[in-house]
Amino acid sequence: MTADPQSRDSAVKAVHQQFRIVGAGPTGALLALGLAQQGFSVVLHDRLSAELLLSRSRAYAITHSSRRLLQDLGLWAALLDQMEPFCSLRLDDCSAHCTAWFHIRDLRPANRPAEAIGWVLDHRPLMSLLLERLEASDQVALQLDDATPAEEALANEGSRQWIVAADGPRSMLRRSAEVPFLSHPYRQGCLTVKLRLTGAYQHCAYELFRPEGPMAVLPLGQDRYQVVWSAPLQRCRDRAASSASELVSTLDAILPEGVDVVQLLDEPGAFPLELSLAPRLHRGSLLLVGEAGHRCHPVGGQGLNLCWRDVSDLLNLTAAVRRGEMASPSLARRYSRCRRIDLVGVLLSTDLLIRFFSNHNPLLMPFRRLALFMLKRISWIRRFSLSAMTDGPGTLLKPLPK
Ligand SMILES: Cc1cc2nc3c(=O)[nH]c(=O)nc-3n(C[C@H](O)[C@H](O)[C@H](O)COP(=O)(O)OP(=O)(O)OC[C@H]3O[C@@H](n4cnc5c(N)ncnc54)[C@H](O)[C@@H]3O)c2cc1C
């Protein structure tokens, strides 16, 4: 691409441009770091203190699209020791009694040298590395424990400042700016709990499709696992409120044969699930990233990875602005446009998976058996589905970035 005079001018202006990011969760913090590395000055707010930001008890399944971003930002090597790789993924349709396996050979060739289908990363080491790097950066002003009212952030709007809403699913900024937003609550909720298991395969993640909802069992290292268990919301809440022994026996009854719970390692938490999307991820100089702009069902471990693909695409665009290849005012429009296929693809496919598998419908059983049979027997179908999950549906017809 050649730079026209207007773009060159905007590259010069970009040097003085500031990003004000509200929300220092995993999305806002990673974006702040990426922008700072490109030379932009960044103000990053969060209403929580650093200690509270670190204290969530949850673990994320990391896909290859996230690996590439973490590598680009120089974070991968520092996180590698903290992550648990999984080299196989077992998919069970518990009603149709069918199983399919994914292995490293089912990845696209560019992903195979990483020698894992995915990784499981705990929230605390991720956030402590991000906060440590942000504190060390001269480009970032970190304002934690600081609840900036949305109106104040939006009032500071100016031609040299982009405001980024990374303030999560209930985003005040999105609501104050009245960005159109479509949202549909699932009847299913989700229970998350960390536990010790015996009898599970080593370096293997499980996705069990059960009539009440899917359940993911993600390895955290040694015999520790994180369970992400979807079911009707009230049932999740009742289970989370039940005694440890009751919860253990419910889990033992539904885990694959031979896999048993040894001990719960944290307090179970239940939370509602929703399908939501802002059809345009911008309004004026406000940009929505992460769960401020969309939310999907956790089936297939897409949530945080989808948020980080927002970060990755936005950083590609800001890099083009810095190089003078794109005029800065086009940034917001281009960002909204380039995220569309990936977001719609993931939201629709996770929703379809839930509708297809979360039931006992006898009419669907032959199709479900056929789907699992094809996954089991036809390698290109496995490769295609795994790539959609790990690289994102937008990359299916393109070569992967190096
Ligand atoms: C209870 C729960 C459990 C989950 N468990 C898992 C799991 O096990 N595995 C998994 O992969 N995903 C899980 N998820 C989803 C995952 O946490 C999200 O995909 C991810 O956190 C999205 O990151 P984010 O940075 O966009 O939003 P968030 O992580 O929600 O971060 C938003 C940040 O904005 C800040 N903020 C909000 N409003 C303001 C304001 N007005 N001013 C300043 N700061 C503000 C908040 O304090 C927060 O730090 C879970 C989600 C929930 C709610």
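**Note on the predicted model**

1. The model is predicted. Three strands make up an open sheet, arranged in the order β3-β7-β4, and their pairing is antiparallel. At the edges are β3 (59–62) and β4 (84–86), each of which pairs on one side only. From one strand to the next, the twist averages 25 degrees.

2. Within this sheet, β4 is joined to strand β7 (residues 118–122) by three bridges in the antiparallel sense. Which residue of β7 is the bridge partner of F86? The partner is G118.

3. Helix α2 (residues 26–37) packs with helix α6 (residues 123–136) at an angle of about 35 degrees, and the two axes are 10 Å apart. The crossing of α2 and α6 is left-handed. On the α2 side, the contact is formed by P26, A29, L30, A32 and L33, while α6 contributes H123, L126, M127, L130, R133 and L134. Classified by type, the residues of this contact comprise nine nonpolar, one polar and one charged.

4. For R58, a side-chain N or O atom is 2.4 Å from a ligand oxygen atom. For D46, the corresponding distance from a side-chain N or O atom to an oxygen atom of the ligand is 2.7 Å. A polar atom in the side chain of T27 lies 3.0 Å from a ligand oxygen atom.

Note on methods. Residues are numbered from 1 along each chain as its sequence is written. This is a predicted model: local features need pLDDT of at least 70, side-chain atom pairs count only at pLDDT 80 or more; totals for chains, interfaces and linings use all residues. Side-chain values use heavy atoms; hydrogens and water are left out. Axes are lines fitted to C-alpha atoms, for helices over the stretch in contact, and angles run from 0 to 180 degrees between N-to-C directions. Helices (H or I, at least four residues) and strands (E, at least two) are DSSP runs, numbered from the N terminus. A crossing is left-handed if the near helix is turned anticlockwise from the far one by less than a right angle, and right-handed if clockwise. Contact means heavy atoms within 4.5 Å. Ala, Val, Leu, Ile, Met, Phe, Trp, Tyr, Cys and Pro count as nonpolar, Asp, Glu, Lys and Arg as charged, and the others, Gly among them, as polar. Two strands pair if DSSP finds at least two bridges between them. A polar contact is a pair of N or O atoms within 3.5 Å; within protein, one must be able to donate a hydrogen and the other to accept it, and residues adjacent in sequence count only if both atoms are side-chain atoms.
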